[in-house]
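Thanks for coming, everyone. Please bring up the structure, and I'll walk you through it.

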Amino acid sequence: MEGSENQKHFFDLKIPLGCLLGFYGILLVAYGLLGPSDIYERSLSLNVNLDWGILMIVISGAFLIFAYRRKKA
Amino acid sequence: MNMNFIDYLILGAYVLVTIIVGYSLRKYMKTSEDFFLSGRSLPSWITSLAFLSANLGALEVIGMVANSAKYGILTVHFYWIGAIPAMIFLGLFMMPFYYGSKVRSVPEYLKLRYNEATRGLNAISFATMTLLMSGISMYAMALLFELTLGWSLTSSILLSALVVLIYVFFGGLSSSIYNEVIQFFLIWLGLLPVVYIGLHAVGGFEGLVQRIPASFFQAWRHMGSAANNPMGVDWLGVVLGLGFVLSFGYWTTDFLVVQRALASEDLAAAQRTPIVASFPKMLVPIIVVIPGLLAVALLPQFKIVPGGPTPDYNSALILMFAHYLPNGILGLAITGLLASFMSGMAGNVTAFNTVWTYDIYGSYIKKGMPDQHYLKMGKYATVFGVLFSIGTAYIVRSFPNLMDYMQLLFSFLNAPLFATFLLGMFWKKATPWGGFWGLLLGIFAAATHYLLYRLGVVHYASEMAANFYQAWWAWCTDFVITIVVSSFTVKKDESTLVGLVYSLTPRMRSEGSLFRKPMFWGVLSLVVMILLNVIFW
């Protein structure tokens, strides 16, 4: 059983991860703004979709910026 | 609980990304080491998060929320005493021998340090246990979806098994690790909203404190005797059984977690893997203990009524979701749980296929074949492992308390194992047969103790106390038997033990800045752990 060449040969995980979280963020923000508002009775009238969506867009942006800077370096 | 199109869109996007990630890794899988050990090429931030997530599976999340609703903050013992010291010990003291000796699995270390019989015993018991665990995870997931979404047990078992099969088949350990990292973020982002809304509902942390009994917030104050706390365990049982034996046995010898560190790019990264992982590990109680406490404070069915009926604690988390999460965020929370279920299962399957291929098939069935043969066998083992897990999922339906069942298996197999490793790595006079008999009789001691407990010969205040002490006695048996048998059996030649035993291995000085040194992070982690224990004393 021979060993591997031990090179850094996998792709950068930050890209798919950033894309997935970004997609979730946009989806939640859009749903928070345009979707029904009676569903927030459960969450004590906090529009958590909007808040959480914005947070996820920020996290996703951080991942993508780091991935981009690493690629350039 | 009604999921709508937006929830399903979130769930679907996750499944799609995991499959794409797994499938696009297929072109990198050229050798068996690429498939089983990610070509030893991953940076430590990835392996650390995977190290943590591999353990943060289905049972962990649901079971720990259940424990918190039942026992309150005592559940933090599973984190702040029951995991952190072992993770630091693994990184600082054991990783040099695991990674440094270039073994590909935990059983392989046992073969080099002791003998073929010891490896065989460990490899076979580990492979079996791993598939059982995988089946348990799958069953837990299916049950969750049956309860919450009304999906049939069979369709969710088959669907999740298929997704895991696809991504592990193509991408091996790398796929599994990448998905564990994705899961790490999803479980946090998925569970924090319920903490946020729940705390809002009780009026912040102070409100929560007021609404539930004070003993639910004191981690050590009531541990003086087993009768005074809801867990029915005294501090000695927690420290020796859980903190020392069970947690060291799991975190330092279970190949499922150790494999993540072996995938690191170099020794320093391998050492940092469990140590860096210990920091987020200390924070996990935020997403498991707080939801459990919130369930007690907010949901009428978990209100503490002396002499009342026992609530179904395992449903605490899901009921919190159903009660407080609107569509959208609900889909995210369900996806976080699904991700932890699937990556827990994938972790088991990858650990199984490695041990099966290297330590069972490649050692006893077909030795010395070309590397491509073993690569192919790893893929077949993946298919077999998934099929066997499906079978197990249906068998474990009859076991009601999954968490206890898991601990039972751990204490039979893992508890004595840590004694074998401790003596193997730090006492050069341990002999091959000393290791074998110590391990075998340690497992036997655990089984005997369990039998005596079940028959009512020995008594404990609770089942959990019985588990903790059982682990302790199994460990002691292994420790003593290994030393006794070693005193009259043939020792290994010292030259064959270089790199495997502490006193015979030249010390390596770690280079670079303070922030790259494993020791720095290890000490820092220990200090934070002690502070947390003091704050919640």
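Let's start with a question: is helix 12 (residues 255–262) of chain B buried or exposed? Buried: 8 of the 8 residues of helix 12 of chain B are buried, so this helix is largely enclosed by the rest of the structure. A residue counts as buried if 20 or more other C-beta atoms lie within 10 Å of its own, as exposed if 12 or fewer do, and as partly exposed in between, with C-beta atoms placed from the backbone. Helices here are DSSP runs of H or I, at least four residues long, strands are runs of E, at least two long, and both are numbered from the N terminus. The buried residues of helix 12 of chain B include Phe255(B), Gln259(B) and Arg260(B).

A word on the ground rules. This is a predicted model, where local features need pLDDT of at least 70, side-chain atom pairs count only at pLDDT 80 or more, and totals for chains, interfaces and linings use all residues. Residues are numbered from 1 along each chain as its sequence is written, while chains are lettered from A and ligands numbered from 1 in the order in which they are written.

Now chain B as a whole. Chain B has 21 helices and 0 strands. Of its 537 residues, 60% count as buried. The C-alpha atoms of chain B fill a box of roughly 65 × 55 × 50 Å along the principal axes.

Next, the core. The largest nonpolar core has 207 residues. By that I mean buried Ala, Val, Leu, Ile, Met, Phe, Trp, Tyr and Cys residues joined through C-beta atoms within 7 Å. Val164(B), Ala316(B) and Ala333(B) have the most contacts inside this core. Helix 9 (residues 153–202) of chain B gives the largest share, 23 residues.

Stay with Ala316(B). Leaving out residues up to four places away in sequence, Ala316(B) touches Val65(B), Ala66(B), Ala69(B), Gly292(B), Ala295(B) and Phe302(B). Contact means C-beta atoms, placed from the backbone, within 7 Å. Ala316(B) also sits in a helix pair. Helix 14 (residues 285–298) and helix 15 (residues 316–324) of chain B pack at about 70°, with axes 9 Å apart. Axes are lines fitted to C-alpha atoms, for helices over the stretch in contact, and angles run from 0 to 180 degrees between N-to-C directions. Helix 14 and helix 15 of chain B are therefore roughly perpendicular. The cut-offs: under 35 degrees is roughly parallel, over 145 roughly antiparallel, 65 to 115 roughly perpendicular, and the rest oblique. Among the residues that meet here are Pro291(B) and Leu294(B) in helix 14, and Leu317(B) and Met320(B) in helix 15.

Over to chain A. Helix 1 (residues 14–34) and helix 2 (residues 48–72) of chain A pack at about 155°, with axes 7 Å apart. These two helices of chain A are therefore roughly antiparallel.

How many residues of chain A are in contact with chain B? 30 residues of chain A are in contact with 36 of chain B. Helix 1 of chain A gives the largest share of the chain A side, 10 residues.

Last, two lysines in loops. Lys102(B) lies between helix 6 (84–100) and helix 7 (106–113) of chain B. Lys102(B) is exposed, with 12 other C-beta atoms within 10 Å. Lys102(B) has a positive phi of about 60°, although it is not a glycine. Lys492(B) lies between helix 20 (463–486) and helix 21 (518–535) of chain B. Lys492(B) is partly exposed, with 19 other C-beta atoms within 10 Å.

Key:
Two residues are in contact if their C-beta atoms, placed from the backbone, lie within 7 Å.
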